[in-house]
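Hi,

Here is the structure I promised to send over. Please have a look at it first, and then read on for what turned up.

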Amino acid sequence: MRTTQSTLREMYRAGEKITALTCYDACFSTILENAGIDILLVGDSLGNVLQGNDTTLAVSLDDMCYHTRCVYTGTRKTFVMSDMPFGTFQVSPEKTFENASKLLAAGAQMVKIEGGRIMAETILFLTLRGIPVCAHIFLSPQSIHQLGGYIVQGKSEQASKQLLDDALVLEKAGANMLLMELVPATLAKSVTNELSIPTIGIGSGADCSAQILVLHDMLGLYPGKKPRFVKNFMIDSSTIPLAITNYVDEVKNGLFPGAEHQF
């Protein structure tokens, strides 16, 4: 039986940590499912790790639908979430619904949308019409030019208040989950404690309800300098399936992320 939102909510209410990784194809989705990953995110990070681009901005809706279909085909029970790429949701709510519907038709059970309270109206429109949404706040890769780089967000008192306020607005609008990227651990903990929906952290400390990494980063496959919050799980693993299993175990047991992986 496939994992559903209800399954994830039960895990959240029971205090069980939720595991997530990005995934882009059927081969890896099978491996990740067998290793016990709870959520597969078909991320627009495929623009970096598969297409070789410097940013995610060139990823199209067709790209996302194709890779979502591939990931879904390789699984039988794992929850599948897909990013809405740049330009597909910064439009009218009606057009966003049309675009999101294509991802659900390809196999996604939830779509992820970047942006703060400005996206509340769109999220409300989608969720009232049966499209589950994971909101994504603070470092938003699609806003990389505006932000001036991949830097930790929410460090000032004003920025911290904005993040918390935005999180509450998005939850009220109907967001089913909330992803926080590059948020100080103490702030991410405060936001998690204030919300009644699961939070997903990437570079945001150990107190989020779930953890996610880019698959190619945690396997040590992506070239270049790794962000501080990334751990290479292949270093102490003899095979890729074992590395994924070790990641699951460390997240479930509260060992990852450690102090060295947070801000």
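Let me start with the contacts: among those in the protein between residues at least 6 apart in sequence, 63% join residues at least 24 apart, where contact means heavy atoms within 4.5 Å. This is a predicted model, in which local features need pLDDT of at least 70 and side-chain atom pairs count only at pLDDT 80 or more, while totals for chains, interfaces and linings use all residues. Residues are numbered from 1 along each chain as its sequence is written, and side-chain values use heavy atoms, with hydrogens and water left out.

The protein has eleven helices and eight strands, taken as DSSP runs numbered from the N terminus (helices: H or I, at least four residues; strands: E, at least two). Along its principal axes, the C-alpha trace spans about 50 × 40 × 40 Å. Of the 263 residues, 57% count as buried, meaning under 20% relative accessible area with a 1.4 Å probe, protein chains only.

Strand β6 (residues 177–181) is worth a look: five of its five residues are buried, so the strand is largely enclosed by the rest of the structure. M177, L179 and E181 lie on one side and L178 and M180 on the other, and all are buried.

What are the partners of β6? Strand β5 (residues 133–138) pairs with β6 in the parallel sense over five bridges; two strands pair if DSSP finds at least two bridges between them. C134 has M177 as its bridge partner in β6. Strand β7 (residues 199–202) also runs parallel to β6, joined by four bridges, and I200 in β7 stands opposite L179.

Best wishes

How values were computed. Buried means under 20% relative accessible area, exposed over 50%, partly exposed in between (1.4 Å probe, protein chains only).
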